[in-house]
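Here are some notes for a colleague opening this entry for the first time.

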Amino acid sequence: MYTDLAIFTGRAHPRLAEAICARLERPLGKCDVFEFSNENIFVQFQENIRQHDVYLVQPFVTPVNTSIMELLIMIDAARRASAGRITAVIPYYAYGRSDKKDQPRVPITARLVANMLETAGADRILTMNLHAGQIQGFFNIPLDEMNALFPVSAYFRTQDLSNFTVVATDVGGEKRARDLAVRLDLPLAIIDKRRVGNNEVAEAMHVIGEVEGRGCLILDDEISTAGTIVSAVNALRQHGAAEIIVSCYHPVLSGPAVERLRSLNLREIVVTDSVPLGPEKLLPNMTVIPVAPQFGDAIGRIHTGQSVGALFA
Ligand code: R5P
């Protein structure tokens, strides 16, 4: 049983939480979150949340492990403050790539994090574009997964992409790219990517599909080091691609990513703000699509018990 809607943020992406609250035309809840000198995180809700429908906004962004721990502590604090229902709003779910035991003696960290969220006391999860849809099944509580395909494809529809092909960076991303291709009524190509070891080095091998003389719109779920994108762009140019647009849903942009993207001479880089993008990561040819409207609308619907699926149109 729960009553009033209450939205709070950790330290990971307060700007997004504020934008979500603006969409819902309500104030962001007051909550102290800070770290002692011994790195222990402290959380205290500064308003009554007894029996409230509480939403805690916290994408798992750098420092990733702190972001996760901070959300767990916020959930624990909300549970002990007698919140009626607690929804963890995680626009970017890190560790998504660790979703199977594909080598000997490795963890399935995406599952471990799911277990920890449940153990802390989360009642629901609201997230966006998991690395693999099956991660939903790591949770035994309800999970709603937003899809940035809708705002991103709406943006691309405003452009003339008539000579473009949508390109998946690997076979695993085929469905994601196909969904965009279908919405834009464009052909699809796939890069046959092989990952070499665990050292974040990706090597693009073949291009399946017609790209010669065509513009290419590369879509990936996330850009981390941008190694995958560099390989993809090189492969497409070797196959005669004309101009190239790169798009991704989660611009993590770690390590050398920004410099790599800067050096690629791309027509445009289209990302969302599921993770915070400081000025050092914003390139002149970058377009940032806001996700707050989707999250705000989803929270409003979850709170009032309406269909969230109705947003996927
Ligand atoms: C991999 O399976 C993902 O879809 C992305 O391609 C990957 O996370 C990108 O990582 P990076 O930018 O470091 O190549």
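1. Helices (H or I, at least four residues) and strands (E, at least two) are DSSP runs, numbered from the N terminus. Strand E9 (188–196), strand E11 (215–223) and helix H6 (227–238) each supply at least two residues of the shell around the ligand, and E11 gives the largest share, four residues.

2. This is a predicted model, in which local features need pLDDT of at least 70 and side-chain atom pairs count only at pLDDT 80 or more, while totals for chains, interfaces and linings use all residues. Residues are numbered from 1 along each chain as its sequence is written, and side-chain values use heavy atoms, with hydrogens and water left out.

3. The ligand is surrounded by 14 residues, a residue being near if one of its heavy atoms lies within 4 Å. The shell divides into two nonpolar, five polar and seven charged residues, where Asp, Glu, Lys and Arg count as charged, Ala, Val, Leu, Ile, Met, Phe, Trp, Tyr, Cys and Pro as nonpolar, and the others, Gly among them, as polar.

4. Asp-220 is among the closest residues to the ligand, and a polar side-chain atom of Asp-220 lies 2.5 Å from a ligand oxygen atom. For Arg-97, a polar side-chain atom lies 3.2 Å from an oxygen atom of the ligand.

5. The protein is divided into domain 1 (5–147 + 292–312) and domain 2 (149–289), with bounds from an automatic or database domain assignment. Their C-alpha centres lie 27 Å apart, and their contact (heavy atoms within 4.5 Å) takes 16 residues from domain 1 and 18 residues from domain 2.

Key. A polar contact is a pair of N or O atoms within 3.5 Å; within protein, one must be able to donate a hydrogen and the other to accept it, and residues adjacent in sequence count only if both atoms are side-chain atoms.
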